Amino acid sequence: MLDLTLGKPGPERPLQVLCVGAHCDDIEIGCGGTIIELQKRYPHCLLHWLVLTSNETRRREALKSSRAFVHPSCRGETRICDLPDGLLPAHFAEVKTVFEQAKRTVEPDLILTHHAADLHQDHRLLSQVTWQTFRNHMIWEYEIPKYDGDLANPNLYVPLPTAVAQRKIALILQRFASQTSKSWFQAENLHSLMRIRGMEVRSVSGLAEAFHCRKLQCSFGGSLERPPRRQPAASTLGRADKISRRKADRTSAR
Ligand SMILES: [Zn+2]
């Protein structure tokens with residue numbers, strides 16, 4: 001299969017990636033392997049981390065985990081908010097405010113966020129707000145396996161070497177000790193999904209992470225023509241000004 005790769009954002013600018021998660025472990029579960037791979041391919045990239053819910057314990061875990069997944073030289077902005085787990089739709093205004101602040105702080109080339117059809121209300125809301133906030137960006141929506149059974153048919157795959165997939169699983173199990181009592185928190189679950197996605201994309205290692213990508217721009221690596229220049233606003237206004245001034249002169253002369 002012919003590979004598509006990410007273009008370079010510019011000679012002086014590192015690739016910037018914004019990782020969005022509703023809960024402290026979502027980013028790692030959904031795209032932890034991709035994050036490790038990105039740093040291997042783009043050693044000067046910057047990874048920004050935005051998590052919307054936490055409590056004291058989970059915040060500590062999330063910070064330690066993000067530090068384990070992201071090399072110090074690739075660390076961008078990290079923000080772990082403390083909105084309540086499961087109740088993000090009831091905190092819509094706060095979520096919007098956090099995203100607007102993020103938009104002013106970071107300039108991501110790629111955003112990794114939740115899938116729009118995810119059945120968890122917090123996940124689904126963040127997917128919507130990501131699209132509402134970032135209007136000219138590449139957005140990949142990751143998968144979170146869960147009780148609800150909402151896995152769909154992804155259309156973008158990142159094959160992962162075995163060592164990367166193993167590292168992802170090991171770090172998640174180590175860093176999120178507070179989740180060990182949850183029935184879904186098992187290495188087999190994390191591995192199984194990567195194995196299925198690896199089979200679907202014929203990954204050499206048999207492992208992959210998968211995403212839903214609604215929009216892709218393809219320019220075949222060439223430079224695009226500049227869009228036609230718009231008429232300067234000042235000259236239009238100037239003309240309208242002159243006309244209205246002439247009308248006003250005529251009225252006052254009567
Ligand atoms: Zn979650």
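One of the contacts to look for is P159, whose bridge partner in β7 is A208. Before going on, note that this is a predicted model.

On to the other neighbour of β7. Strand β5, residues 138-142, runs antiparallel to β7, and 2 bridges join them. Here E141 has H212 in β7 as its bridge partner.

Now β7 itself. How many of its residues are buried? The count is 5 of 5, so by the cut-off of 20 or more other C-beta atoms within 10 Å, the strand is mostly covered. In general, side chains in a regular strand alternate between the two faces of the sheet. In β7, A208, A210 and H212 point one way, E209 and F211 point the other way, and all are buried.

Stepping back to the whole sheet. It is open, with 7 strands in the order β3-β2-β1-β4-β5-β7-β6, and the pairing is mixed. Which strands sit at the edges? Those are β3, residues 75-83, and β6, residues 156-159, each of which pairs on one side only. Ignoring direction, neighbouring strands are turned by 25° against each other on average. A helix also packs on this sheet: α6, residues 187-200, touches β6 and β7, and its direction makes about 80° with that of β7.

Last, a parallel pair. Strands β1, residues 16-21, and β2, residues 46-53, run parallel and are joined by 6 bridges. Within that pair, C19 stands opposite W49 in β2.

Key:
Residues numbered from 1 in each chain as written. Predicted model: local features only at pLDDT ≥ 70, side-chain atom pairs only at ≥ 80, totals over all residues. Pairing = 2+ DSSP bridges. Helix = DSSP H or I, 4+ residues; strand = E, 2+ residues; numbered from the N terminus. Axes fitted to C-alpha atoms, helices over the stretch in contact; angles between N-to-C directions. Contact = placed C-beta atoms within 7 Å. Buried ≥ 20, exposed ≤ 12 C-beta atoms within 10 Å, placed from the backbone.
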